[in-house]
Amino acid sequence: MELMTALNRLHGGKNIKLPYFIAQLSRYAVPKVLLRSRLEEILRDGEKRYDMDYVLDRVNYYNRLTGAERLSPTEATPLKEHKFRGRHSAYIFDSYQTTRFFDDSLRWQTYFGDGVFDLLHPMIIKARKIDRGGGEAASGKGDNSVLLNLDRCRLDIRLHDKIPFTEKADRVIFRGSVKSSEQRRRFIETFRDNPRIDTADTRSGHSAQETGTAKQITLYAHLGSKFIMTFEGNDIASNIRWVMSTNSIAVMPRPRNESWFMEGRLRPGYHYIEVRDDY
């Protein structure tokens, strides 16, 4: 563990892809027939867990299907076609951790990639919209999304922050590309000259007068600041998990989308500092 922590620091805080892919390929090489024979045993052991109510609460949060929904007759595919092909390999490996225990004849439908969509049929996805109005999605009716912990190597990051909050600078920091986020662009344009807000666009090939410019910095380099801005991009905020693993505080508008991290259950004033969409 200490070795992996040291390597993680050398890598700037981001997960190292090589050990991840070695572990996933090793798992992929295990014959599925051996795993399917263990499924009932695993489920029986699960029923004995002391925290089974908590587990079921999360399961029901991720999967709101009622049983009345139907798969697409043309787009759903059998699990036997769920194979490593190179493209979207991280998504394939992450979902394979679950599907390898089930019969190859079972059918499913997935979307591997960024974005949130209105789904006509049940689908395994990384992110979905948060329903705050108590509508169909919130009640469990009509919500065809089933969240799975996908793109884990990129998103599931935990930092080892040794700096106490009181010793951090009274400063807000943000580094990131504004390419997919108007919200990020407006924030940088509004506050780039504020001495207590350290922010810049990390894209290459754009004008410095447009949104400010800066080289990317390591994740650990953010930890000298008490406050770290968090913005959604194509779907969720990709830095929210690692920010909340540190002694700094996440600052963000109320999230619109959620993933396996259950952003819809984060409470402003408790888990993060909420700011208005227009700051």
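Me: Which residues touch the most other members of the largest nonpolar core?

Reply: In soluble globular proteins, nonpolar side chains tend to be buried together. Here, the largest nonpolar core has 15 residues, of which L159, L223, I228 and W242 touch the most other members. Such a core is a set of buried Ala, Val, Leu, Ile, Met, Phe, Trp, Tyr and Cys residues joined through side-chain atoms within 4.5 Å; buried means under 20% relative accessible area, with a 1.4 Å probe and protein chains only. The model is predicted, with pLDDT of at least 70 required for local features and 80 or more for side-chain atom pairs, while totals for chains, interfaces and linings use all residues. Residues are numbered from 1 along each chain as its sequence is written, and side-chain values use heavy atoms, without hydrogens or water.

Me: Which element supplies the largest share of this core?

Reply: Helix α11 does, with 3 residues. Both α11 (240-243) and β9 (249-252) supply at least two residues each. Helices (H or I, at least four residues) and strands (E, at least two) are DSSP runs numbered from the N terminus. A second, separate core of 10 residues includes F174, F187, M229 and V251.

Me: In what order do the strands of the open sheet lie?

Reply: Strands of a sheet pair through backbone hydrogen bonds, either parallel or antiparallel. In this structure, 5 strands form an open sheet in the order β7-β6-β8-β9-β11, and the pairing is parallel. At the edges stand β7 (197-201) and β11 (273-274), each pairing on one side only. Two strands count as paired if DSSP finds at least two bridges between them; β6 (residues 169-176) and β8 (residues 225-229) have 3 bridges. Within that pair, I173 stands opposite I228 of β8.

Me: Why is helix α6 described as largely enclosed?

Reply: Helix α6 (residues 89-99) is largely enclosed by the rest of the structure because 10 of its 11 residues are buried. Among the buried ones are Y91, F93, D94, Y96 and Q97. Their cover includes α2 (17-28), α3 (32-36), β2 (107-108) and α8 (152-155).

Me: Is E263 buried or exposed?

Reply: E263 is buried, its relative accessible area being 1%. This residue belongs to the loop between β10 (257-258) and β11. Leaving aside residues up to four places away in sequence, E263 touches I130, R132, I236, I240, P255, N257 and E258, where contact means heavy atoms within 4.5 Å. I130 is 133 residues from E263 along the chain, yet their C-alpha atoms are separated by 8.3 Å.

Conventions. Buried means under 20% relative accessible area, exposed over 50%, partly exposed in between (1.4 Å probe, protein chains only).
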